[in-house]
There are 2 protein chains.
Amino acid sequence: MAALDAILNDIDADLENALERLFAFLRIPSISTDPAYAGHCREAAAWLANDLTALGFETSVEETSLHPVVLAHKPKPGAPHVLFYGHYDVQPVDPLDLWTTPPFEPHIADDGQGGKKIVGRGSSDDKGQVMTFVEACRAHIAMSGELPCGVTILVEGAEESGSQGLPEWVAANRDKLGCDVVLVCDTTMWDRATPAITSSLRGLAYFEVKVTCADRDLHSGFFGGAARNPIHVLAKIIADLHDADGRVTIPGFYEGVHERPPEVLEQWRGLGLTPEKLLGPIGLKEPAGERGRLPIELVQSRPSCDANGIIGGYTGEGTKTVIASTASAKISFRLVDDQDPQALARNFEAFVRERIPADCSVDFITYKGSRAISLPFDMPQLGAAKAALAEEWGVPAVTVGAGGSIPIVGDFKRILGRDTLLIGFGLDDDRIHSPNEKYDLTSFHKGTRSWARILTALSRG
Amino acid sequence: MAALDAILNDIDADLENALERLFAFLRIPSISTDPAYAGHCREAAAWLANDLTALGFETSVEETSLHPVVLAHKPKPGAPHVLFYGHYDVQPVDPLDLWTTPPFEPHIADDGQGGKKIVGRGSSDDKGQVMTFVEACRAHIAMSGELPCGVTILVEGAEESGSQGLPEWVAANRDKLGCDVVLVCDTTMWDRATPAITSSLRGLAYFEVKVTCADRDLHSGFFGGAARNPIHVLAKIIADLHDADGRVTIPGFYEGVHERPPEVLEQWRGLGLTPEKLLGPIGLKEPAGERGRLPIELVQSRPSCDANGIIGGYTGEGTKTVIASTASAKISFRLVDDQDPQALARNFEAFVRERIPADCSVDFITYKGSRAISLPFDMPQLGAAKAALAEEWGVPAVTVGAGGSIPIVGDFKRILGRDTLLIGFGLDDDRIHSPNEKYDLTSFHKGTRSWARILTALSRG
């Protein structure tokens with residue numbers, strides 16, 4: 001095994017090549033939620049499988065009910081074994097006109113703060129983060145001819161589609177996924193200088209609701225004032241979802257939600273995440289959720305509800321005096337603690353049906369739901385990874401909760417019986433899921449170096 | 001002047017040719033609200049101008065601030081002079097997948113009730129209706145070499161865009177529009193057997209509201225529960241527009257709205273327009289508007305408010321865990337009696353602004369508004385036209401109010417000082433503004449015959 005310094009030096013020396021590889025990966029528009037891009041998802045899987053095969057991994061592209069997964073093994077008998085998980089699929093790019101450069105033409109740009117950034121869809125979420133791990137493996141193999149511990153890499157293509165098909169695939173292939181710990185690189189640092197390990201994740205329940213009133217579109221002159229308008233019905237449902245204090249009004253919604261103990265709240269207050277700090281960078285000032293809560297509570301330890309999309313009637317330029325036949329909305333919930341997505345699905349549907357007029361109808365789509373998860377604080381790999389991160393960044397790594405959901409983490413615990421270390425190098429201003437997504441060059445470079453250190457640290461375990 | 005019978009016989013004999021002419025007109029996709037179709041609007045104007053020139057009209061295509069108008073004169077010194085108004089523009093065709101045949105490939109189909117119908121966008125609203133008048137003129141000219149009275153034809157191309165530019169054009173060209181009465185063919189019959197003259201029209205005020213919260217789209221995992229969601233803000237505004245009794249809640253909204261006298265309400269009750277009769281054919285049962293009103297009141301003599309369209313966030317297939325930066329809605333009002341669209345614009349804007357959180361913003365577009373209008377019951381041309389209609393249809397013509405707006409009618413009164421006879425042959429099930437628009441062959445044929453009779457009746461002046 002080569003000295004860690006030699007491996008880190010190799011990462012530094014190979015950075016330009018690593019970026020070229022990442023750009024090739026980023027150029028593939030692997031949008032998983034839109035069936036039109038299914039071929040590109042397959043292309044991204046093949047690209048990654050090819051790269052891992054070249055590194056000496058035993059690699060396969062395996063089918064799921066949606067897009068295929070890339071599975072790669074490089075065992076090391078007698079050493080600890082890690083399972084790395086990431087995703088090669090990316091978010092849709094609309095609204096396209098807000099991108100200053102085409103989303104699938106990645107490039108390096110100044111970040112306006114004296115540094116460089118990698119710009120393009122997937123640069124942060126999650127291709128850039130996945131490649132930090134792959135590049136760390138590459139450096140170990142280049143310098144030592146081997147990895148310090150056994151590694152299985154599982155990269156899926158449907159994370160942005162709720163990991164559709166993946167839990168079933170994991171359950172059916174659990175014998176290929178044996179490991180001591182799972183590693184995921186799909187989270188953020190605390191700030192540009194401070195690495196973080198995410199120890200809890202909110203869950204997710206995602207629904208689509210389509211209200212139908214008349215059996216055709218109507219002229220508002222003939223029927224306005226007499227015919228029910230599905231946009232009004234849907235607007236009332238969405239308006240009713242929160243009370244004046246920002247609490248979700250669905251009966252039973254807060255069952256399973258626990259208050260944080262005073263000492264945790266005190267620690268959070270000490271982090272100084274004011275409304276201005278959280279919301280100022282995105283052009284807002286006032287927390288919109290539950291009144292009287294810390295901003296960090298609102299996004300980490302409290303559940304939330306958002307309409308993620310709505311459409312109905314005429315939405316083109318100019319005017320059309322129409323009363324639409326249908327209107328639909330995508331509505332999702334972030335869950336915490338012991339909230340049950342299935343109970344929520346029942347309660348939400350009842351809540352909606354109560355608000356549908358007798359002569360109108362409603363259709364539901366229930367997308368995959370996931371419970372919130374959290375990590376045991378005493379796991380040995382957590383300490384090893386924190387120490388490795390502290391060596392790379394020169395400051396201690398913090399342990400945080402995250403607002404977002406990575407549903408598969410709960411499945412790894414349930415099916416494989418293994419906990420997950422969520423270590424990511426994204427930043428809050430990476431604009432993931434938005435136009436002009438970026439990943440700091442420092443995130444990519446020092447992220448790769450961090451994984452090289454973590455692999456060495458975990459091999460001692 | 002030929003005998004009326006000869007003219008009517010000519011209409012019967014020439015029906016196939018008349019349909020061919022109408023189909024040529026219908027094939028032009030002259031959608032006025034979408035700038036992409038501006039060239040086709042111009043094409044439709046040219047087609048009609050060409051046809052009128054061939055009939056011996058002195059014709060011109062004149063520019064307005066949006067699409068051009070067709071203006072055609074055929075004076076007859078000493079005889080009464082009529083100004084016919086219609087529009088060559090049509091509604092957008094979305095949702096296109098609900099059309100059973102392409103919207104701009106007109107054809108004859110069985111109407112399922114033993115008759116025939118003309119299918120295609122604009123067949124009823126308003127190209128088919130316009131051509132009933134043009135074909136009536138053609139028959140008079142063919143049989144007599146002249147028209148029984150002087151005729152000016154004004155056909156605009158922006159009616160579905162709120163007649164943008166037309167009032168200014170009318171004001172600037174009032175010397176070309178001198179007449180004794182205005183005729184409009186853009187309304188419906190009472191039912192398939194009973195002709196109607198529309199004696200009142202609701203006005204219209206049409207707005208677009210765009211709410212902006214954060215300065216970019218956000219990930220609901222990171223910000224859900226803390227960041228304001230513009231879809232929620234907009235939903236609350238729309239939900240707040242009506243109270244539990246279906247009344248519009250904007251302060252001052254009902255100023256200028258008058259109750260109908262008991263004898264009118266009694267007469268309306270006698271028409272037997274039950275909720276089932278009005279709403280059953282469109283798949284609904286319960287009147288949605290102001291509680292305790294007759295259905296005919298709701299659509300004719302009461303104002304109304306409808307969200308005509310809404311869009312925000314992710315509306316593609318599948319899921320996206322986004323909190324949108326913006327959401328927007330098109331919201332319009334049907335006005336009656338003395339309601340003032342400008343006062344409503346002020347009150348509506350204040351109503352919306354009150355509901356915008358301090359760190360969010362709202363943009364307004366105010367499209368053209370029009371007051372409601374009504375006809376003096378004692379005008380002599382009304383009696384002449386009713387008698388002519390009764391001769392053609394074999395039953396008395398009824399005088400009704402209409403729920404829809406034809407804003408230019410108010411401008412004709414204001415600028416030209418002339419009242420308008422609204423005589424149309426559309427039916428309530430014509431699906432205007434909807435997929436699969438149609439115009440009964442009977443509407444077209446007997447509509448043409450009706451105008452031939454009305455022209456003769458008005459010439460007696």
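Two strands pair if DSSP finds at least two bridges between them. Helices (H or I, at least four residues) and strands (E, at least two) are DSSP runs, numbered from the N terminus. This is a predicted model: local features need pLDDT of at least 70, side-chain atom pairs count only at pLDDT 80 or more, and totals for chains, interfaces and linings use all residues. Residues are numbered from 1 along each chain as its sequence is written, and chains are lettered from A in the order in which they are written.

Start with the sheet in chain A. Three strands form an open sheet in the order S4-S5-S18, with antiparallel pairing. Strands S4 (107-110) and S18 (438-440) of chain A are the edges, each pairing on one side only. Strand S5 (residues 116-119) of chain A is joined to S18(A) by three bridges. Here Lys117(A) has Asp440(A) as its bridge partner. Helix H14 (residues 441-459) of chain A packs on this sheet and touches S4, S5 and S18 of chain A (contact: heavy atoms within 4.5 Å).

Now the interface. Chain B and chain A each give 85 residues to the contact. The area buried between them is about 7700 Å², taken as the accessible area (1.4 Å probe) that two parts lose on being put together, summed over both. Carbon and sulfur atoms give 55% of that area. On the side of chain B that touches chain A, strand S11 (residues 304-313) of chain B supplies the largest share, ten residues. Strand S11 (residues 304-313) of chain A runs antiparallel to S11(B), with five bridges joining them. Among the partners, Ile310(A) is bridged to Gly312(B).

Notes:
Side-chain values use heavy atoms; hydrogens and water are left out. Axes are lines fitted to C-alpha atoms, for helices over the stretch in contact, and angles run from 0 to 180 degrees between N-to-C directions.
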